[in-house]
Amino acid sequence: MKSKKQAKTRGINTQLTHGGYDPHSYHGFINPPVVHASTVLFPDAETMKTRDQAYTYGTRGTPTTDALASAINELEGAVGTIMVPSGLAAVTVPLLAFLSAGDHLLIIDTVYNPTRRFVDDVLTRYGVEVEYYVPELGAEIEAYVKPNTRVIFMETPGSNTFEMQDIPAIVEIAKAHDIITMIDNTYATPLFFKPLEFGVDVSIAAATKYQSGHSDLVYGLVSANEKTWQQLWDTQLTLGVCPSPDDTFLVYRGLRTMGLRVKRHEETTNRLAAWLEGHDGIHDVLHPALKSHPGHAIWKRDFKGSTGLFSIVLRRQSEAAVHAFLNELQLFGLGYSWGGYESLAVHVNLSDRTVSKRDYGGPIIRLNVGLEDFEDLQLDLDRAIAAAAVAEQS
C-alpha cells in the first residue's frame with residue numbers, strides 16, 4: 001500500500017496506538033475489520049473494465065492490509081509497504097524484484113542463514129553473481145563494486161555475532177554507482193533505526209519478531225522509497241505472495257504494544273549483558289549497546305536503542321559444557337526465532353561464513369531476552385553457567 005503524507009509530530013507510542021486506521025471509517029469500531037477476501041464485485045461493466053474502485057481482488061489489498069501498511073509506512077517513513085507470509089519471504093521478494101541474470105549482488109557475510117541459503121541455492125542458479133563482504137566495511141566497499149553490481153544487501157547488527165555496519169558510508173557509495181540498497185532491519189525495528197531516513201532504498205523486517213511479539217505467527221514486511229516502490233509492488237503482485245488476513249490483523253494488534261514491549265526487552269537485556277560481561281564463566285558478550293563492543297560508536301551514532309537479542313561466549317569449551325548450560329536453563333527455552341515475550345537460547349553455528357570467519361574464543365550462545373523479571377533470568381543464567389563449569393571438569 002502506498003503511504004499518505006503524515007506529520008511527524010506524534011510520539012512513537014502515540015503513533016503505534018493510533019496509526020493506520022480511523023475507527024470512524026468503519027462504524028466507530030476501534031480495530032479494523034478482518035476481511036477474508038478473494039473476489040471483489042464491481043457495480044457495472046464500465047467499472048470492471050477500468051478497475052476504478054478501491055479494491056479489485058484479495059491479492060491487491062483489503063481494508064485489513066491497508067491498515068497495517070499505513071501504520072508501517074508512518075513508522076518507516078516509506079512510500080509503500082508490502083506484506084508477505086514470512087520474514088524469509090520479506091528477503092526473497094525484494095531480491096527477486098531487483099536482480100536478474102548477470103547482475104552482481106554484494107551481501108554481508110554475517111547475514112541470516114536462510115537468506116544465505118536462498119542467495120547461494122536459488123539466485124546463483126538463476127545466473128546472479130554473489131559476493132560476500134565483511135561487516136567492518138564502510139566506504140571501502142567501493143573496491144568490491146563492479147559495473148554489474150545491482151544490489152548491496154546489509155544486515156546490522158550482524159546475525160548472531162552483532163557486528164555493526166557503517167550504513168551511511170555504504171549508502172553514499174551505492175548512490176554514487178546507482179546501486180539499490182536493502183537492509184534486514186528486524187533487530188532494531190523502525191523504533192530504533194529507520195533505514196530509509198539513512199538513504200537505504202528497501203527496509204526489510206520479519207514481523208514474526210517484535211511487531212507481532214507473541215511467537216504465534218510468521219510474517220514479513222518490506223518498506224520502500226519512491227525509487228523502488230513500484231517495482232517492489234509489481235513483483236509481489238506477479239509472484240502472488242500474500243499473507244492471511246488473520247495474521248495481518250495480529251501483527252497490526254501487536255504494533256499497539258510494541259513500543260512498551262521493546263523498551264522492556266531493552267532494559268532487561270542491557271542489565272543482563274552488563275552483569276554477564278563481568279561474570280568469570282563468560283569469555284565475551286556480543287552486544288553493541290555495551291561500551292566494550294567494537295561497533296558501539298556506530299551503534300550510538302545511528303541507533304536510538306537496542307532490543308532483546310545478544311550473544312555470549314562461554315569460557316567453557318566442550319560440547320558437554322554447552323549442553324549442560326542449555327539443559328540447566330528453566331526460563332530460557334531452547335528454540336529458534338526471537339522477539340517474543342518468552343526468553344530463548346540457542347547454540348550458534350557459524351560454519352556457513354566465508355570471508356568473516358574468526359575465532360570468538362569459545363562456544364557462542366544467542367539469548368533472546370523476553371518479558372520476565374531480571375532477577376529470575378539472572379538466576380537462571382547463573383545456574384546454567386555453573387552447570388557448564390561442572391560438566392567441563394567431569
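**Note on packing in the predicted model**

1. Thr181 is in contact (heavy atoms within 4.5 Å) with Ile152, Met154, Val171, Ala174, Gly199, Val200, Asp201 and Val202, leaving aside its neighbours within four places in sequence. Thr181 sits in strand β5 (residues 180-184). Strands (E, at least two residues) and helices (H or I, at least four) are DSSP runs, numbered from the N terminus. Thr181 counts as buried because its relative accessibility is 1%; buried means under 20% relative accessible area, with a 1.4 Å probe and protein chains only.

2. On the source: this is a predicted model, where local features need pLDDT of at least 70, side-chain atom pairs count only at pLDDT 80 or more, and totals for chains, interfaces and linings use all residues. Residues are numbered from 1 along each chain as its sequence is written, and side-chain values use heavy atoms, without hydrogens and water.

3. The largest nonpolar core has 85 residues. Such a core is a set of buried Ala, Val, Leu, Ile, Met, Phe, Trp, Tyr and Cys residues joined through side-chain atoms within 4.5 Å. Leu68, Leu95, Leu105, Tyr133, Ile152, Phe153 and Met182 have the most contacts inside it. Helix α4 (residues 87-98) gives the most to this core, with 7 residues.

4. Leu105 touches Leu95, Leu99, Val119, Leu123, Val128, Glu129, Val130, Glu131, Val151 and Phe153, not counting residues up to four places away in sequence.

Methods: Buried means under 20% relative accessible area, exposed over 50%, partly exposed in between (1.4 Å probe, protein chains only).
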